[in-house]
Amino acid sequence: MIDDGTGLLTIGELARATGLTVRTIRYWSDEGVLPPVTRSPGGYRLYGAESAARLELVRTLRELGLGLDDVRTVLAGERTVAEVAAAHVVALDAQIRSLKVTRAVLSTVARRGSTTEEMTLMNRLARLSAAERRRIMDEFAEEVFRDVDATVDPDVEHRLRHTVVDLPDDPTPRRVDAWVELAELVRDPGFRARMRQMVEFNARGRGPDTPPGATMWFFKRLVELAGRARAEGVAPESEEAEPFLTELLGPDADLAAVRERLEATFHAEANRYRELIALVNGREPQPAHAEDFAWVVAALRFRTGG
């Protein structure tokens with residue numbers, strides 16, 4: 001305190017009284033949030049006792065992350081602390097969501113050992129809006145079903161056209177990883193061609209009286225019968241496999257055509273697509289029954305010279 005009876009403080013004394021640095025106080029003073037009461041004859045800034053209380057408020061607001069513009073409005077009485085705090089909570093929530101996405105992307109980059117280009121793509125994909133993610137999935141379905149949707153099993157079409165991709169605002173690294181891989185997969189021309197072939201086979205195998213859901217019923221039946229055959233130790237190339245195939249396909253089935261359809265429908269990429277949908281939506285993937293499909297395909301290959 002300067003010894004002139006005014007009770008005013010120099011900037012150094014104010015710094016010692018509050019524990020802040022002279023540099024910080026000078027900066028806030030220059031920015032207009034802590035104006036000096038007056039200046040000494042030598043031009044030094046002088047502050048009153050109330051400046052320490054004002055300085056403590058400024059420090060608290062800044063520690064809570066408020067910008068100097070918000071601090072000024074509070075100090076000027078233009079907005080209450082409660083109003084500024086409420087607005088800041090909204091901003092912080094958005095920042096937290098963004099940071100969580102950033103963390104998830106970086107975790108994926110570190111795990112994959114991604115290049116700069118891959119990291120840029122992953123970051124862009126992870127920050128897409130729900131509408132933008134929906135558009136990617138719609139474009140995929142549109143190409144897969146173009147000109148054949150009227151003859152495809154309605155249940156199959158519904159599953160692909162109405163696939164839900166629900167990535168939350170604060171996704172885990174696992175869900176971000178799954179979404180990035182899914183987005184890359186459905187944009188891959190090779191995968192689109194494989195899925196297009198799958199629906200073409202589905203459309204070709206349906207008659208005018210085939211009921212909706214027949215495809216899914218067939219797959220469930222396949223899993224049931226092949227699972228039973230495998231449990232009984234029946235080899236796919238053995239004579240004991242015949243009754244299982246007949247029960248599944250009927251006595252007059254075109255085995256080569258069925259084999260071609262199954263190989264188009266059940267492949268590693270299609271299985272991965274189903275797994276990724278579940279993972280993006282926060283669910284554990286359902287069993288793929290790869291062994292059951294492989295058993296039937298092996299039995300058909302043996303009987304069709306594959």
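Two strands pair if DSSP finds at least two bridges between them. Strands themselves (E, at least two residues) and helices (H or I, at least four) are DSSP runs, numbered from the N terminus. Keep both in mind for the first stop.

Before you start clicking, note that this is a predicted model, in which local features need pLDDT of at least 70, side-chain atom pairs count only at pLDDT 80 or more, and totals for chains, interfaces and linings use all residues. Residues are numbered from 1 along each chain as its sequence is written, and side-chain values use heavy atoms, with hydrogens and water left out.

**Stop 1**

You are looking at an open sheet of three strands in the order 1-3-2, with antiparallel pairing. Strand 1 (9-10) and strand 2 (38-39) are the edge strands, since each pairs on one side only. Strands of a sheet pair through backbone hydrogen bonds, either parallel or antiparallel. Here, strand 2 and strand 3 run antiparallel and are joined by two bridges. Zoom in on T38 and you will find L46 of strand 3 standing opposite.

**Stop 2: R45**

Now pick R45, which is found in strand 3. Is R45 buried or exposed? R45 counts as buried because its relative accessibility is 16%, and buried means under 20% relative accessible area, with exposed over 50% and partly exposed in between (1.4 Å probe, protein chains only).

Show the side chains of S29 and D30 too. R45 makes a side-chain polar contact with D30 at 2.8 Å, and another with the side chain of S29 at 3.1 Å. A polar contact is a pair of N or O atoms within 3.5 Å; within protein, one must be able to donate a hydrogen and the other to accept it, and residues adjacent in sequence count only if both atoms are side-chain atoms.

Beyond residues up to four places away in sequence, R45 touches several others, including L9, I11, R26 and P36. Contact here means heavy atoms within 4.5 Å.

**Stop 3: along strand 1**

Select L9, in strand 1. L9 is buried, with a relative accessible area of 15%. Draw a distance from its C-alpha atom to that of A49, 40 residues apart along the chain: the value is 7.5 Å.

Step back to G7, in the segment before strand 1. G7 is partly exposed, at 25%, and its C-alpha atom is 8.8 Å from that of Y47.

**Stop 4: T73**

Move to T73 in helix 4 (residues 68-75). T73 counts as buried at 16% relative accessibility. Leaving aside neighbours within four places in sequence, T73 is in contact with E78, R79 and V84.

**Stop 5: the largest pocket**

Select R159, M216, F219, R274 and Q286, which lie nearest the centre of the largest pocket among its 31 lining residues. On a 1 Å grid over the protein atoms alone, a pocket is an open set of points with protein on both sides within 12 Å along at least five of seven lines, where a 1.4 Å probe fits; lining residues have an atom within 4 Å of a point. Which helix gives the most to the lining? Helix 14 does, with six residues.

**Last stop: D170**

Finish at D170, in the loop between helix 8 and helix 9 (173-186). D170 is partly exposed, at 39%. The C-alpha atoms of D170 and R230 are separated by 43 Å.
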